[in-house]
Amino acid sequence: MSDLDELYQSVILEHDRNPRNFRAIEGERQEAEGYNPLCGDRVKVMVRVEDGIVIDAAFQGSGCAISKASASLMTEAVRGKPVAEVEKMFTEFRDGMTGRNDQTTEGRTVLPPKLAVLGGVKRFPMRVKCATLAWHALHKALATNEQEAAGSQ
Ligand code: ZN
């Protein structure tokens with residue numbers, strides 16, 4: 001295992017121990033849940049979107065270190081970003097993890113910079129779902145109640 005892998009692994013473990021934005025969002029929000037039967041990970045992702053900007057993102061749930069760290073990194077990566085940019089990040093991350101855009105430099109997958117620490121997970125196909133679970137839930141949350149949210153204002 002390279003030093004870089006060890007560094008990445010320590011970031012994942014640190015996010016597992018101290019997940020960022022591990023809480024509920026009260027009031028107006030869009031949310032969706034994800035479940036990964038392969039591992040038993042459950043995650044609920046909540047976002048608050050104002051004027052097309054993700055002003056807050058948070059998650060709750062339980063699961064393995066990878067699923068929790070990925071959700072934690074995700075909430076940090078998307079807060080303050082326009083929805084369109086977040087959707088682009090989702091596509092890049094999903095495709096990067098599943099090998100759909102397998103442009104690798106010396107075997108390294110191209111992932112959005114803030115999410116590159118999860119690149120090592122790709123070598124363990126059973127765990128890829130753990131890493132992408134929160135992102136799929138976020139994608140669903142952003143896609144679903146947009147009209148409901150607008151109607152309740
Ligand atoms: Zn898992």
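These are my notebook entries on a predicted model of one protein chain.

**Ground rules**

I number residues from 1 along each chain as its sequence is written, and my side-chain values use heavy atoms, with hydrogens and water left out. Since the model is predicted, local features need pLDDT of at least 70 and side-chain atom pairs count only at pLDDT 80 or more, while totals for chains, interfaces and linings use all residues.

**Entry 1: the overall layout**

I started with the helices and strands, which are DSSP runs numbered from the N terminus (helices are H or I, at least four residues; strands are E, at least two). I found five helices and three strands in the protein chain. Along the sequence they follow the pattern α-β-β-β-α-α-α-α.

Next I looked up burial (buried is under 20% relative accessible area, exposed is over 50%, partly exposed is in between, with a 1.4 Å probe and protein chains only). Of the 153 residues in the chain, 42% are buried.

Then I checked contacts, meaning heavy atoms within 4.5 Å. Taking contacts between residues at least 6 apart in sequence, I see that 62% join residues at least 24 apart.

**Entry 2: helix α2**

How many residues does α2 have? It has 14, and it reaches 20 Å from its first C-alpha to its last. That is close to the 20 Å expected at 1.5 Å a residue (the expected span is 1.5 Å times one less than the number of residues).

Eleven of the 14 residues of α2 are buried, so this helix is largely enclosed by the rest of the structure. The buried ones include I66, S67, A69, L73, M74 and V78. I looked up what the buried residues of α2 pack against, and the list is α1, β2 (41-50), β3 (53-62), α3 (83-98) and α4 (125-143). Just after α2, G80 takes a positive phi of about 85°.

V78 is buried, with a relative accessible area of 0%. Not counting residues up to four places away in sequence, V78 touches V54, A57, V86, M89, W135 and L138. V78 and V47 are 31 residues apart along the chain, and their C-alpha atoms are separated by 9.6 Å.

Two packed helices are described by the angle between their axes and the distance between the axes. My axes are lines fitted to C-alpha atoms, for helices over the stretch in contact, with angles from 0 to 180 degrees between N-to-C directions.

At what angle do the axes of α1 (residues 3-17) and α2 (residues 65-78) cross? They cross at roughly 85° and come within 8 Å. The two helices are therefore roughly perpendicular to each other (under 35 degrees counts as roughly parallel, over 145 as roughly antiparallel, 65 to 115 as roughly perpendicular and the rest as oblique). On the α1 side, I12, H15 and D16 make the contact. On the α2 side I noted A65, I66, K68, A69, S72, L73 and E76.

**Entry 3: helix α3**

I then moved on to α3, which has 16 residues and reaches 22 Å from its first C-alpha to its last, close to the expected 22 Å. Its buried residues are V83, V86, M89, F90, F93, D95, G96 and M97. The cover over them includes β2, β3, α2 and α4. Just after α3, G99 takes a positive phi of about 80°.

**Entry 4: D41**

Is D41 buried or exposed? D41 counts as buried, at 0% relative accessibility. D41 sits in strand β2. Leaving aside neighbours within four places in sequence, I listed its contacts as G34, Y35, N36, S62, G63, C64, S67, C130 and L133. D41 and G61 are 20 residues apart in sequence and 7.8 Å apart in space, C-alpha to C-alpha.

**Entry 5: cysteines**

I searched for disulfides (a pair of cysteine sulfur atoms within 2.5 Å) and found zero. C64 is buried, with a relative accessible area of 15%, and C130 is buried too, at 0%.

Most residues other than glycine have a negative phi. N21 is not a glycine, yet its phi is positive, about 55°. N21 lies in the loop between α1 and β1 (30-36) and counts as buried at 14% relative accessibility.

D51 is not a glycine either, and has a positive phi of about 50°. D51 is in the loop between β2 and β3 and is exposed, with a relative accessible area of 81%.
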